[in-house]
Amino acid sequence: MSGGGPVAPGWYDVHRRTQRWWDGRQWTENVIHHGRPITATALRTETTRMQWMWVGVGVVAWAAFLVFSFAFGASAAFALALLPVAGTAAIVAAAITGSRLIAAVPPTPGGPVASR
């Protein structure tokens, strides 16, 4: 639903605990994320780095599972069955949370919806 007029300048929520400054015509690079000021570009870079770190944790968990299961046999594989679950959870969590935050702080223009 689009509003009738221009939207006033101010801080607008773009994601959980993340706000971005709207200057009345376009989004600026000013962002407040978890109470600390940061630029939108730096936030995207930081989020992407964190996302890849969690993917790495997931891959390491899977690799450890495979190494231990081949080295110590089926009993070790059964005992270490939690590693693939943890690895998959880390990869999925990174994909979901990272992509949602990156999408919430877009580099493209557009603005908050004016409410009637």
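Me: Two strands pair if DSSP finds at least two bridges between them. In this predicted model, how many bridges join strand β3 to β4?

Reply: Strands (E, at least two residues) and helices (H or I, at least four) are DSSP runs, numbered from the N terminus. Strand β3 covers residues 27-33, and β4 covers residues 36-39. The two run antiparallel, and the number of bridges that join them is 4.

Me: What should be known about the numbering and the values?

Reply: Residues are numbered from 1 along each chain as its sequence is written, and side-chain values use heavy atoms, with hydrogens and water left out. Local features need pLDDT of at least 70 and side-chain atom pairs count only at pLDDT 80 or more, while totals for chains, interfaces and linings use all residues of this predicted model.

Me: Which residue takes a positive phi in the hairpin of β3 and β4?

Reply: This hairpin has 2 residues between its strands. A positive phi near 55 degrees is taken there by His34.

Me: Which residue in β3 is the bridge partner of Gln19?

Reply: Strand β2 (residues 18-22) also pairs with β3, in the antiparallel sense and over 4 bridges. Across this pairing, the bridge partner of Gln19 is Ile32.

Me: What phi does Gly24 take in the hairpin of β2 and β3?

Reply: There are 4 residues between the strands of this hairpin. Gly24 takes a positive phi there, near 105 degrees.

Me: Is Thr28 buried or exposed?

Reply: Thr28 lies in strand β3. Leaving aside neighbours within four places in sequence, Thr28 is in contact (heavy atoms within 4.5 Å) with Arg20, Trp21 and Asp23. Buried means under 20% relative accessible area, exposed over 50%, and partly exposed in between (1.4 Å probe, protein chains only). Because its relative accessibility is 18%, Thr28 counts as buried.

Me: Why does Gln51 count as buried?

Reply: Gln51 has its place in helix α1. Apart from neighbours within four places in sequence, the residues in contact with Gln51 are Ala94, Ala95, Gly98, Ser99 and Ile102. Gln51 counts as buried because its relative accessibility is 17%.

Me: What share of the contacts with a separation of 6 or more comes from residues 24 or more positions apart?

Reply: Taking the protein as a whole, 28% of its 116 residues count as buried. Among contacts with a separation of 6 or more, the share from residues 24 or more positions apart is 48%.

Me: In which helix is confidence lowest?

Reply: pLDDT is the predictor's confidence in each residue, from 0 to 100. Its mean over the protein is 79, and 78% of the residues reach 70 or more. Where pLDDT is low, the predicted coordinates should not be read in detail. Confidence is highest in strand β4, at a mean of 94, whereas the lowest mean, 62 for residues 74-79, belongs to helix α2.
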